[in-house]
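User: I would like to go through this model and see what stands behind each label. Please set every value against its cut-off.

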Amino acid sequence: MSLTPDWAPNIHPIIVHFPIALLVAGLIVDLVSLFMRRRAAVRDSATWLYCAGAATAILAYFTGHSGADAMLLSAQVTPLVSEHSDWAFRTTWFFAFFAS
């Protein structure tokens with residue numbers, strides 16, 4: 001029994017949406033905390049959302065890397081996947097350092 005549905009080539013397309021949602025939610029809560037300065041819980045919530053987003057971004061990066069290695073890619077697609085991987089690497093580690 002596989003964890004991935006039939007339409008997904010690997011687990012990466014499912015995992016990748018979690019960090020996007022968590023990091024956007026962290027940004028929104030962080031902006032809300034600018035107007036609610038006396039509520040430390042709002043700032044703490046933004047911090048936890050950034051941390052969870054960074055952790056799931058790391059997971060998404062590694063699932064994408066292993067998913068790309070497992071697929072047979074044509075010569076036309078390989079540079080695009082490589083560029084996607086480069087941007088994913090930069091973005092993932094930016095948010096990992098930002099959250100820490």
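User: Which helix gives the most to the lining of the largest pocket?

Analyst: α4 does, with 10 residues. This is a predicted model, where local features need pLDDT of at least 70, side-chain atom pairs count only at pLDDT 80 or more, and totals for chains, interfaces and linings use all residues. Residues are numbered from 1 along each chain as its sequence is written, and side-chain values use heavy atoms, with hydrogens and water left out.

User: What makes a space a pocket, and what makes a residue part of its lining?

Analyst: The search runs on a 1 Å grid over the protein atoms alone. A cavity is a set of points where a 1.4 Å probe fits but cannot get out; a pocket is an open set with protein on both sides within 12 Å along at least five of seven lines. Lining residues have an atom within 4 Å of a point. The largest pocket has 28 such residues, and His12, Ala60, Gly64, His84 and Ala88 lie nearest its centre.

User: What is the volume of the largest pocket?

Analyst: About 580 Å³. That is the space filled by probe spheres set on the points, with grid points joined across faces, edges and corners.

User: Which helices supply at least two residues each of that lining?

Analyst: α1 (12–15), α2 (17–35), α3 (40–70) and α4 (78–99). Helices are DSSP runs (H or I, at least four residues), numbered from the N terminus.

User: How does the lining split by class?

Analyst: It has 16 nonpolar, 11 polar and 1 charged residues. Ala, Val, Leu, Ile, Met, Phe, Trp, Tyr, Cys and Pro count as nonpolar; Asp, Glu, Lys and Arg as charged; the others, Gly among them, as polar.

User: Why is His12 called buried?

Analyst: Its relative accessibility is 17%, so it counts as buried. The cut-offs are under 20% relative accessible area for buried, over 50% for exposed, and partly exposed in between (1.4 Å probe, protein chains only). His12 is in helix α1. Residues up to four places away in sequence aside, His12 touches Ala60, Thr63, Gly64 and His84. Contact means heavy atoms within 4.5 Å.

User: Why does Thr63 count as buried?

Analyst: Thr63 has 12% relative accessibility, and therefore counts as buried. It sits in helix α3. Beyond four places in sequence, Thr63 touches Ile11, His12 and Ile15.

User: What do the buried residues of α3 pack against?

Analyst: They pack against α1, α2 and α4. Among them are Val42, Tyr50, Tyr61 and Gly67.

User: How do you know that the span of α3 is close to the expected one?

Analyst: α3 has 31 residues and reaches 45 Å from first C-alpha to last, close to the expected 45 Å. The expected span is 1.5 Å times one less than the number of residues.

User: Why is Phe95 called partly exposed?

Analyst: Phe95 is at 21% relative accessibility, so it counts as partly exposed. Phe95 lies in helix α4. Neighbours within four places in sequence aside, Phe95 is in contact with Leu23 and Ala54. Phe95 and Gly53 are 42 residues apart in sequence, but 7.8 Å apart C-alpha to C-alpha.

User: What puts Val81 in its class?

Analyst: A relative accessible area of 26% makes Val81 partly exposed. Val81 is in helix α4. Its contacts beyond four places in sequence are Ala68 and Leu73.

User: How confident is the predictor?

Analyst: The chain averages a pLDDT of 88, and 96% of the residues score at least 70. pLDDT is the predictor's confidence in each residue, from 0 to 100. Among the elements, α1 has the lowest mean (86) and α2 the highest (94).
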